[in-house]
Amino acid sequence: MIKYFLMNLLLSFIWVALTGSLSYSSFIFGALLGFFVLWVMSRNEQDQRYFHRVPKIISFLLYFIWEMIKANVQVAYDVMTPKYFFRPGVVRFPLSAETDLEINVLSTFISLTPGTLILDVSEDKKALYIHVMYLNDPETFVNGLKMGVERRLMEVLR
């Protein structure tokens, strides 16, 4: 999987050098073109993890950026209006993540979102305790987090 990543990176730099345009859009187009070329060249090989994982990583990052924008707008609106809309609370979030790496990455992404903060991990590593700034319904929050960030992140990490 690493060899495909390095070859894709090399093809991106070659594309930038050939076009003579050192810009983000040129590099991204070179990366997409390199990904397609590598995919066509290695369709008969056994190891296809790179070609399944890269679209999932991109999908996760776009989803997380969207969630981050929504949370920032919600917090900014609450700060700028005279009435406060927050309803803080602590939620127990059952984990599907099993390894320390998965739990650490998941808790980092949850804490990066404005309005949420990881308080603790249970002793048996089966649950996170999350402080939520806008908690209307705990079950809705847990289901949204489980079906959103956790599910997509586990697809990327496993």
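Helices are DSSP runs (H or I, at least four residues) numbered from the N terminus; buried means under 20% relative accessible area with a 1.4 Å probe, protein chains only. The model is predicted: local features need pLDDT of at least 70, and side-chain atom pairs count only at pLDDT 80 or more, while totals for chains, interfaces and linings use all residues. Residues are numbered from 1 along each chain as its sequence is written, and side-chain values use heavy atoms, without hydrogens and water.

H3 has 32 residues (49–80), and at 1.5 Å a residue it should span 46 Å, which agrees with the 46 Å between its end C-alpha atoms. The expected span is 1.5 Å times one less than the number of residues. Among the buried residues of H3 are Tyr-50, Phe-51, Phe-60, Tyr-63, Phe-64 and Asp-78.

## Aromatic pairs

The whole structure holds 13 aromatic pairs (ring centres of Phe, Tyr or the six-membered ring of Trp within 6.5 Å; planes under 30 degrees apart are stacked, over 60 edge-to-face, the rest tilted). Tyr-4 and Tyr-50 are stacked, at 6.0 Å centre to centre and 25 degrees between planes. This pair joins helix H1 to helix H3 across 46 residues.

Phe-35 and Phe-51 form a tilted pair, 5.5 Å centre to centre with 55 degrees between planes. Phe-35 lies in helix H2 and Phe-51 in helix H3, so the pair ties together parts 16 residues apart in sequence. Tyr-4, Phe-35, Tyr-50 and Phe-51 form one aromatic cluster.

Notes:
Helix = DSSP H or I, 4+ residues; strand = E, 2+ residues; numbered from the N terminus. Buried < 20%, exposed > 50% of the residue type's maximum accessible area, 1.4 Å probe, protein only.
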